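Here is a walk through one protein model, from its core out to its charged pairs. Keep the structure open as you read.

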Amino acid sequence: MKTPIERELNKEEFLKKSFMCLMDCGLEKASTRSFSEYTGMKTSSLYYWFENKNELIIDAAVFGLNIFTDKTLETAINNKSDFNVFYIKLEDALKRYSDALKTIVQVASSPHYGKIIRDRITESIEILCKKLAEIMSESLGLDSKEAYAFFSVFIQIIINCSILEQWDKLEKLTEILYSSFKTD
C-alpha cells in the first residue's frame, strides 16, 4: 500500500502530465481518454483523485498556474537585489511558458470552467503579488504598498503580453510602469 507521500507525489506527476495533455489537446479536445493516454493510467483510475473530468481540468490548469507562480517567485528570490536582472530572467521564462499561460487563460475564459477557476486564479495571483512585493520592494526602492501596487499591474502586463507574444510591448509597458514608480 502506498503512503500518503507516495500518493501525493504521484498526484503531482499526474497533474503535470494532465496539464501537458490540456496544452497539447486544447480544452475542446481534452477527454478522459486523452488524459488516460498522457498519464498512462486507466480511464477508471482517473477518478481516484478526481470526481469527474471537470475537476481534473480545473486542477490541471491550477497546477499549470502554480508552475508559473513558483517559477516567478524562484526568479525573484534568486535576483531580489536587482529588479532588472529579475525582469530579464522572467521574460526569458515567460517566452518558454507562453503556451501554458494561453492554456490557463483558455480554461479561465471558458463559460463552463471559468466561473469555477477564476476565484482560484485570482487568489493565486494575489498571493504572488504580495510575495513579490515582499521580496523585491527594496530593489525597486518602494515601500510594501507601492511594491504591491506595482506587481499587481506588472503581473497583469506580463500575462497579457505573454499570451499575445508581444515581447516588445512587454518591455515598453514594463519600462513605463517602472519609471512611474521610481522617484529618484
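Start with accessibility: a residue is buried when its relative accessible area is under 20%, exposed when over 50%, and partly exposed in between (1.4 Å probe, protein chains only). The model is predicted, so local features need pLDDT of at least 70, side-chain atom pairs count only at pLDDT 80 or more, and totals for chains, interfaces and linings use all residues. Residues are numbered from 1 along each chain as its sequence is written, and side-chain values use heavy atoms, with hydrogens and water left out.

Begin inside. A nonpolar core is a set of buried Ala, Val, Leu, Ile, Met, Phe, Trp, Tyr and Cys residues joined through side-chain atoms within 4.5 Å. The largest one here has 58 residues. The members that touch the most others are Leu22, Phe68, Phe83, Phe86, Phe151, Phe154 and Ile155. Helices here are DSSP runs (H or I, at least four residues), numbered from the N terminus; strands are runs of E, at least two residues.

Now pick out phenylalanine 151. What is phenylalanine 151 in contact with, leaving aside its neighbours within four places in sequence? Contact means heavy atoms within 4.5 Å. The partners are Phe83, Phe86, Cys129, Leu132, Ala133, Met136 and Leu140.

Isoleucine 159 sits in helix H6. Its relative accessible area is 12%, so isoleucine 159 is buried. Beyond its neighbours within four places in sequence, isoleucine 159 is in contact with Phe68 and Ile125. Arginine 33 lies elsewhere: its C-alpha atom is 31 Å from that of isoleucine 159, and the two residues are 126 apart along the chain.

Next, the cysteines. A disulfide is a pair of cysteine sulfur atoms within 2.5 Å. The whole structure has zero disulfides. Cysteine 129 is in none, and the nearest cysteine sulfur, in cysteine 161, is 15 Å away. Cysteine 129 is buried at 2% relative accessibility, and cysteine 161 is buried at 3%.

Turn to the charged residues. Side chains of opposite charge can pair when their charged atoms come close. A salt bridge is a side-chain nitrogen of Lys or Arg within 4 Å of a carboxyl oxygen of Asp or Glu. The structure holds six.

Arginine 96 pairs with aspartate 92, with their closest N and O atoms 2.7 Å apart. The two are four residues apart in helix H4, so about one helical turn separates them. Arginine 96 is exposed at 57%, while aspartate 92 is partly exposed at 43%.

Lysine 130 is partly exposed at 44%, and glutamate 126 is partly exposed at 32%.

Lysine 102 and glutamate 165 also form a salt bridge, at 2.6 Å from N to O. This pair links distant parts of the chain: lysine 102 is in helix H4, and glutamate 165 is in the loop between H6 and H7, 63 residues apart. Lysine 102 is partly exposed at 28%. Glutamate 165 is partly exposed at 40%. Asp99 joins Lys102 and Glu165 in a network of salt bridges.
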